[in-house]
Amino acid sequence: MTTLLPRGEKRRNPYAAGKLNSTVPSLMLVGGLVVSWAIFSLFSPTDEEYELNLIVVAVVGIVLFVLGLFSMSFRVEGRRRAVDRLATMLVTIAFFLALTPLISLIITVVTKGAVRFDGDFFTLSMRNVVGEGGGAAHAVAGTVVMTLAASLISVPIGLLTSIYIVEYGAGKRLTRWITFFVDVMTGIPSIVAGLFAYSLFEILLGPGTRVGISGSVALAVLMIPIVVRSSEEMLRLVPNELREAAYALGVPKWLTILKVVLPTSIAGITTGIMLAIARVMGETAPLLIAAGFSNDFNFNIFDGRMQSLPNFVYYSYIAQGSVPEAYLDRAWAGALTLILIVMVLNLGARLIARIFAPKISR
Amino acid sequence: MTQDPGGSIAKTPPEDHRPKVRRGDRIFFGSARGAGTFILVMLAAVTAFLLVEGLPALTADPNEVSLLDGESFWRWVGPLVFGTLWAAALALAFAFPVAIGIALFISHYAPRRIATPLGYLVDLLAAVPSVVYGLWGGVVLAPAIQPLYTWLAENLSFIPFFAGPASGTGRTILTAALVLGVMVLPIITAVSREIFLQTPVLYEEAALALGSTRWEMIRTVVLPVGRSGIISAAMLGLGRALGETLAVAMVLSATGVISVNLISSVNPSTIAANVALSFPEAYGLNVNLLIASGLILFAITLVVNSIARWIVNSRADFSGAN
């Protein structure tokens, strides 16, 4: 365009006209923050106690930035582009707003949890501990035992159900029922699962029964729908050509499923199961109801109350004893352990999915 | 739906030799169907056991149940139901706009290369156990946000929500709802992100070719196409917020009243939090009473989730995307 213009004449380029320079938004952001900071430091009360609240300064600064850029864009670029810029700003702000709690949470858990994240914490129980000292080894053991038992219950049931849905039940009424009620089960509040397990064992073993297996049943109720849904997705991804090839070779259906379909989708299924385990491992409410809590080691799932890591955190917080600091430190260390376990399971699951994913494409 | 080659072969057998039903096949099919049926039985058992254990509290004389304090069951559970719905609605009000913003940011605004890692980052929020959120909400968020409540009570007390007097600890229903909001954020984000990514690219390009800005494209194409998906995402988030226990139990200092005051120290409790706090010490009919309230929570979440599923399923019928 510009090459066609007569020399020396400066005309507005109709395509570039009315557009803000690309440096304007960042300048406005800095400007907004500086103005906000200036306002707050100039007009703040002069008494000694008053401290400049940086969060308030940042919030006001960003509001100034949004208003400023919007009005400037409105004048230069017109209403439509101004609204577009406003939407961009709000969407970006929403994203960073959501990151704030995540970052705050991780920083707090790591710094506060590190205080008691020591050898004692992973070797001692809370038996006879009042105040400082003690550990969560019994809680870690309980969590591992109960989660393992829950997996033993829910993985076979969940996997077989998904095999039924995908391989046998296409179009059948039972399949529709199962799919619908698995959806319903996904929405069961975790505390209701705990109440169910408690009711079941109260009827079986008498009132007030709180045993580890009861907690496992509650966790299994929460875990089964997750396993079914994820395994179902994975089985559906297995290309039909593989099944047809097996049938053409005269392989019976059950062997086709066992030797062709399952090995092809095993990576995805394992990922789903690990994510389900990670999910139920952090559940507190059902174990609180069904398994109770204890200060001592208990490896027998069929007898006596069983402590779990989430419940350890909960009780350390809710019932702070004579030395509240010690209880809170233990709670944070427990939270850190819990997050680490869940993160390792999550990352491991994604890693398995990536490494062992079937190479379908040629 | 995938075709079932095995089934179709079995349905049309050649006349002279019918397919042999092997024992392995029968066992495998039987156990698979058995597992599926077991799930149905289990769900029926959940309902049945909760009913069996909950009903005695409904029929008992209120004076025999110490938690009821002589009132009827419905008078006792009313404030709890209100608190449950109120906290979940507040959480949804905070989380929904932010979640839609994040989903749009990841699907339409962020550079392609960093969009997937950003999605993982939001998924991380979902992986954090609820007890950790509760701890964070009670120890970090509540004291941090308390000055805001004081300010609100001083300057905006003419609005009923901020009538005050401000809680000194910051452990109010508003704090609990904020924590709940953070917890349901990743669910709503994940679902609506998928929905936004499914918008037909041709529609988007057509909108852009007609000269719309990016926001106009989103407003006229992405949001209308994904509307039912967004609604069901919100309902799923609501279902999660209704049933969440620990975050509320650890953050809220509840008194069991009906009040819309968001920042005072007198707050309604929620069903789930009330069960978690009272159950360990409950005995006799109190246990049945708490189980009965759990049954009501179950019914509420069931209704909400069914509506969500219904919206999703009806969408599949008229979706012209593919």
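**View 1. Helix α3(A) crosses helix α5(B) at roughly 90 degrees.** In this predicted model, the axes of α3 (residues 79-113) of chain A and α5 (residues 130-155) of chain B come within 11 Å. Here an axis is a line fitted to C-alpha atoms, for helices over the stretch in contact, with angles running from 0 to 180 degrees between N-to-C directions; helices are DSSP runs of H or I with at least four residues, numbered from the N terminus. The two helices are therefore roughly perpendicular, a label that covers 65 to 115 degrees. Look for Ser104(A), Leu105(A), Thr108(A) and Val109(A), which meet Val132(B), Trp136(B) and Val140(B); contact means C-beta atoms, placed from the backbone, within 7 Å.

A note on reading the labels: residues are numbered from 1 along each chain as its sequence is written, and chains are lettered from A and ligands numbered from 1 in the order in which they are written. Local features need pLDDT of at least 70 and side-chain atom pairs count only at pLDDT 80 or more, while totals for chains, interfaces and linings use all residues.

**View 2. The largest nonpolar core holds 190 residues.** Such a core is a set of buried Ala, Val, Leu, Ile, Met, Phe, Trp, Tyr and Cys residues joined through C-beta atoms within 7 Å; buried means 20 or more other C-beta atoms within 10 Å of a residue's own. Phe196(A) and Leu180(B) touch the most other members. Helix α3 (residues 73-109) of chain B supplies the largest share, 19 residues. Beyond four places in sequence, Leu180(B) touches residues including Ala87(B), Ala91(B), Glu244(B) and Val248(B).

**View 3. Leu69(A) sits in helix α2 (residues 54-77) of chain A.** Leu69(A) counts as buried because it has 23 C-beta neighbours inside 10 Å. Leaving aside neighbours within four places in sequence, Leu69(A) is in contact with Pro25(A), Met28(A), Arg85(A) and Met89(A). Ala220(A), 151 residues from Leu69(A) in sequence, is 53 Å away, C-alpha to C-alpha.

**View 4. Helix α11 (residues 271-278) of chain B is mostly covered.** Of its 8 residues, 6 are buried: Ile271(B), Ala272(B), Ala273(B), Asn274(B), Val275(B) and Ala276(B).

Terms used:
Angles under 35 degrees count as roughly parallel, over 145 as roughly antiparallel, 65 to 115 as roughly perpendicular and the rest as oblique. Two residues are in contact if their C-beta atoms, placed from the backbone, lie within 7 Å. A residue is buried if 20 or more other C-beta atoms lie within 10 Å of its own, exposed if 12 or fewer, and partly exposed in between; C-beta atoms are placed from the backbone.
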